Amino acid sequence: MRFEGKRAVVTGAASGIGRATALRLANEGATVLVGDIDAEGGAALAEMSAGRIAFQHCDVTDAAQIEALMATADAGGGLDLLVNNAGAGGAREKIGEIAPEDWDRTQSLLLRSVALGIRYAAPLMEKRGQGAIVNISSVSAMGSGYAPIAYSTAKAGVLHLSKLAAADLAARNIRVNAVVPGFIVTNIFTSSVGVPAEQVEAVKGAIAAGAANAQPVKRAGRPEDIAAAVCFLLSDDAGFVTGTHLLVDGGMLIGTRPSWDPDMPGTMSALDAFR
């Protein structure tokens, strides 16, 4: 019960990583307010939580709705923990094709929302004497080829923002970190390409099967993997950790494929390298 007596806000919690994080926080004692545009999913999550989780509609592209979400948490007893998770795939076009308004919409959803979440949460945490914030970035922040350019740029911004905010808020006793997920099977893959609802689970199953070969850890990443990392960074176990990130990618960024896949041409063991 690491979070007994703590009050948390999680955005984008009606499904995927946000849902898993909200459930884990609640299971470890926190009272959780979740925000999402998916009213049905959010209400279902709250209903199954035995009163530990409450839902409020929140479109994180609307600053007033983010502020209202934090104010609700504060009115209910204060705000100690924040997870800025809400997001979607965003614009998929290449840099020479993307429309300006689509670029702006993607940055608003994935980066501006994180900045505003921190902005409206920080004064409320300061009243409590301390706080912890975790922002969800992505391996696409680390290089090209993992996601569309607008998404990747925004997630790189989230990573850097986390470090800058940690420095800015240190004097208020508020820690800020980021989690960098790898290939986690959630609805973001199906929703970003418009998969029909009746085919979502089948497509996710196929993605999961393929993901087992995408990195050294031979299985697809699960939302619960990210929730575990998030909750560590929010907890007192990470009380001496701020301004950094935790990579949770099954080893995806450990090196080029020949470095870890023995079936790839050119692979050599560490001993072979010195013979």
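Biologist: Let's start with asparagine 135: buried or exposed?

Modeller: Buried; asparagine 135 has a relative accessible area of 0%, and the cut-off for buried is under 20%. Keep in mind that this is a predicted model.

Biologist: Which secondary structure element does asparagine 135 lie in?

Modeller: Strand β5, which covers residues 131-136.

Biologist: And what does the side chain of asparagine 135 make a polar contact with?

Modeller: With the side chain of asparagine 84, at 2.9 Å.

Biologist: Leaving aside neighbours within four places in sequence, what else is asparagine 135 in contact with?

Modeller: Besides Asn84, the list has Val114, Ile118, Val158, Ser162, Val176, Asn177, Ala178 and Val179. Val114 and Ile118 belong to α4 and Val158 to α5, and these three also take part in the contact between those two helices.

Biologist: How do α4 and α5 pack, then?

Modeller: Helix α4 (residues 100-128) and helix α5 (residues 149-169) have axes 9 Å apart, at an angle of about 15 degrees. Angles under 35 degrees count as roughly parallel, so that is what α4 is to α5. The crossing is right-handed.

Biologist: Which other residues make the contact?

Modeller: On α4 they include Trp103, Leu110, Leu111 and Ala122. On α5 they include Ala150, Tyr151, Leu161 and Leu169.

Biologist: Different topic. What is the angle between α1 and α8?

Modeller: Roughly 50 degrees, with the axes of α1 (residues 16-27) and α8 (residues 223-234) coming within 8 Å. The two helices are therefore oblique to each other. α1 passes α8 in a right-handed crossing. Contact residues include Gly16, Ile17 and Ala20 of α1, and Pro223, Ile226 and Cys231 of α8.

Biologist: Where is valine 185 found?

Modeller: In the loop between β6 (174-181) and α6 (188-191). Valine 185 is buried, with a relative accessible area of 12%.

Biologist: Now the whole chain. How many helices and strands?

Modeller: Nine helices and seven strands. Of the 275 residues, 47% count as buried.

Biologist: What about contacts between residues at least 6 apart in sequence?

Modeller: Of those, 69% join residues at least 24 apart.

Terms used
Residues numbered from 1 in each chain as written. Predicted model: local features only at pLDDT ≥ 70, side-chain atom pairs only at ≥ 80, totals over all residues. Heavy atoms only, no water. Helix = DSSP H or I, 4+ residues; strand = E, 2+ residues; numbered from the N terminus. Buried < 20%, exposed > 50% of the residue type's maximum accessible area, 1.4 Å probe, protein only. Contact = heavy atoms within 4.5 Å. Polar contact = N/O pair within 3.5 Å; in protein donor to acceptor, adjacent residues only side chain to side chain. Axes fitted to C-alpha atoms, helices over the stretch in contact; angles between N-to-C directions. Parallel < 35°, antiparallel > 145°, perpendicular 65-115°, else oblique. Left-handed = near helix turned anticlockwise from the far one by under 90°.
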